[in-house]
Amino acid sequence: MTTEYFRWIEYAWKNPDMDWHKAETLVAGIDVGSVSSQGVVLADGQIYCYSNTRTGSNSPDSAKKALTMAIEGTGIRPEDIKFIVGTGYGRVNIPSANKAITEIACHARGANFMGGPTIRTVLDMGGQDLKGIHCDERGKVTQFLMNDKCAAGTGRGMEVMAELLQVPITEVGQMSLDVAEEPPSVSSTCVIFAKSEAIGLLRSGWTKNMVLAAYCSAMAHRVVGLLERIGVEKDFAITGGISKNIGVVSRILKELGGIPTVTLKPDAQIAGGVGAALFARDLYLKSKK
Amino acid sequence: MITAGIDVGAQAVKVVIVSDGKVLARNLLPTGFDPQESAQKALDGAIHQAGISRGDVKRIVATGAGRKSIAFADRNITEVTADAKGANKLMPSVRTVIDIGAEEARGISCDAEGKVIDFAKNDKCAAGAGAFVESMARALEIKVPEMIEISLKSTKDAPINATCAVFAESEVVSLIHTKIDKADIAHAVHDAIASRVASMVRRIPIDKDVALIGGVANNAAIAEAMKKHLGVDVLVPENPQFVSALGAALAAAA
């Protein structure tokens with residue numbers, strides 16, 4: 001079997017210090033993205049458990065898998081969850097969701113919840129799109145910009161490069177920082193052209209690490225270009241899968257010149273799911289009044 | 001006077017040797033990773049074909065994306081200039097030249113003498129270039145010639161929404177899984193690239209006659225789709241991939 005270098009390990013997490021039985025309400029957010037899906041369960045407004053899974057060929061199954069994996073081993077049954085909000089690329093096709101809300105609103109809200117009210121700019125780096133979002137102190141979206149037309153700057157673009165260089169996707173970031181000096185960036189914007197450029201660089205004697213460094217810095221530059229169109233106000237936070245690529249993130253922060261940045265805990269990739277779950281809680285409590 | 005034009009493209013090096021405006025030889029080789037070496041080999045091949053010797057070639061002009069890497073050329077001209085000059089020689093009635101190469105597409109508006117009036121180009125995105133077709137052929141698991149053949153037999157379009165070649169590749173794979181006819185997918189792919197190129201070309205005046213050149217002009221399905229998107233007839237010369245090199249060879253004699 002051939003190795004699939006783009007694959008990362010799916011995982012789930014639950015808060016060991018919480019007992020969901022004591023909670024009055026359980027709600028969930030499910031973010032079905034183009035590449036990954038997350039299920040997040042809130043117990044009385046706190047993150048109780050979540051999962052991060054790979055999106056399959058259809059949204060209903062991917063949503064089901066994300067939620068099932070999040071609650072697995074917790075004793076929570078699907079019927080214990082009072083309200084579910086779906087978000088992400090596949091949000092309109094999640095049968096278990098009571099409502100669908102755009103991922104832009106959910107990412108801002110989730111980042112605000114995990115990183116605090118000082119965040120004004122959220123960069124969501126997804127599998128197939130890139131969004132710059134401005135929000136207020138309550139996590140409400142005030143402005144946004146997105147690119148979903150082109151793979152440059154997205155997770156999918158990074159997967160193509162990882163496959164080409166046969167480097168596991170989770171190691172790309174660290175390897176790209178392990179270079180004697182920063183090489184010039186890959187000059188092609190288009191992922192298809194960057195691929196031929198990378199092959200040329202390898203033939204001319206560049207190491208894999210150097211090619212990765214050149215690609216990560218090109219990606220960072222592209223992302224910063226998009227962000228500058230809406231302006232970058234402090235504090236800054238990054239969500240989405242690429243937020244875990246230290247090679248891209250450190251280069252973005254360097255280009256932004258030391259902007260105050262908040263790291264999202266426990267997991268920057270679940271921001272959309274967390275935001276969706278927070279909306280689910282609001283909607284559920286409102287329906288009870 | 002005998003001169004040579006060398007067009008160093010992203011994928012292939014093309015050489016044309018002319019003697020007083022008459023083509024003596026044409027040769028094409030993959031660009032590879034050493035454009036200068038490939039250009040030298042392609043030139044040697046063309047010289048051999050023409051039955052002349054290196055000393056007979058009085059001047060050499062390079063063009064194309066890699067034109068500056070050819071140290072043995074006497075000078076270089078832009079591919080826009082070369083396209084217009086070459087197309088004018090073959091089809092004097094042409095006022096709009098569309099060149100689709102492996103990694104670039106250009107639209108050029110020119111006068112009756114083959115002088116450039118205006119141009120537009122895309123070299124940033126594979127969606128409007130030959131690389132897109134190759135990428136989709138890989139996803140369809142067929143060769144490009146077969147893709148063209150089945151595309152011309154298609155009766156309806158498959159829905160391809162993605163612009164980006166990377167995203168379109170995933171889309172094509174899922175269309176195959178949903179049992180959509182490969183012919184219809186191939187047709188949609190050709191239609192998509194033609195639509196992209198047509199909207200780029202619309203940035204310049206499109207006057208008749210319109211010619212399609214470059215390696216991708218050999219793709220009859222794209223030529224058909226270009227006619228549809230531009231709403232005018234599109235002329236395709238013989239050996240369309242050599243037009244730019246011909247323009248360079250003619251420029252060398254001037």
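This is a predicted model: local features need pLDDT of at least 70, side-chain atom pairs count only at pLDDT 80 or more; totals for chains, interfaces and linings use all residues.
Residues are numbered from 1 along each chain as its sequence is written, and chains are lettered from A and ligands numbered from 1 in the order in which they are written. Local features need pLDDT of at least 70 and side-chain atom pairs count only at pLDDT 80 or more, while totals for chains, interfaces and linings use all residues.

**Exercise 1.** Find which elements of domain 1 of chain B touch domain 2 of chain B.

*Solution.* 
- Start with the bounds, which come from an automatic or database domain assignment: in chain B, domain 1 is 1-91 + 240-254 and domain 2 is 93-236.
- Now count contacts (C-beta atoms, placed from the backbone, within 7 Å). Domain 1 of chain B brings 19 residues and domain 2 of chain B brings 26.
- Then look for elements giving two or more residues on the domain 1 side: these are helix H2 (79-90) and helix H8 (243-253) of chain B. Helices here are DSSP runs (H or I, at least four residues), numbered from the N terminus.
- H2(B) gives the most, 9 residues.

**Exercise 2.** Describe the side of chain A that touches chain B.

*Solution.* 
- Begin with the totals: 14 residues of chain A and 12 residues of chain B take part in the contact.
- Two or more residues each come from helix H3 (155-165) and helix H5 (191-203) of chain A.
- H5(A) supplies the largest share, 5 residues.
- Finally, sort the chain A side by residue class: 7 are nonpolar, 4 polar and 3 charged. Ala, Val, Leu, Ile, Met, Phe, Trp, Tyr, Cys and Pro count as nonpolar, Asp, Glu, Lys and Arg as charged, and the others, Gly among them, as polar.

How values were computed. Two residues are in contact if their C-beta atoms, placed from the backbone, lie within 7 Å.
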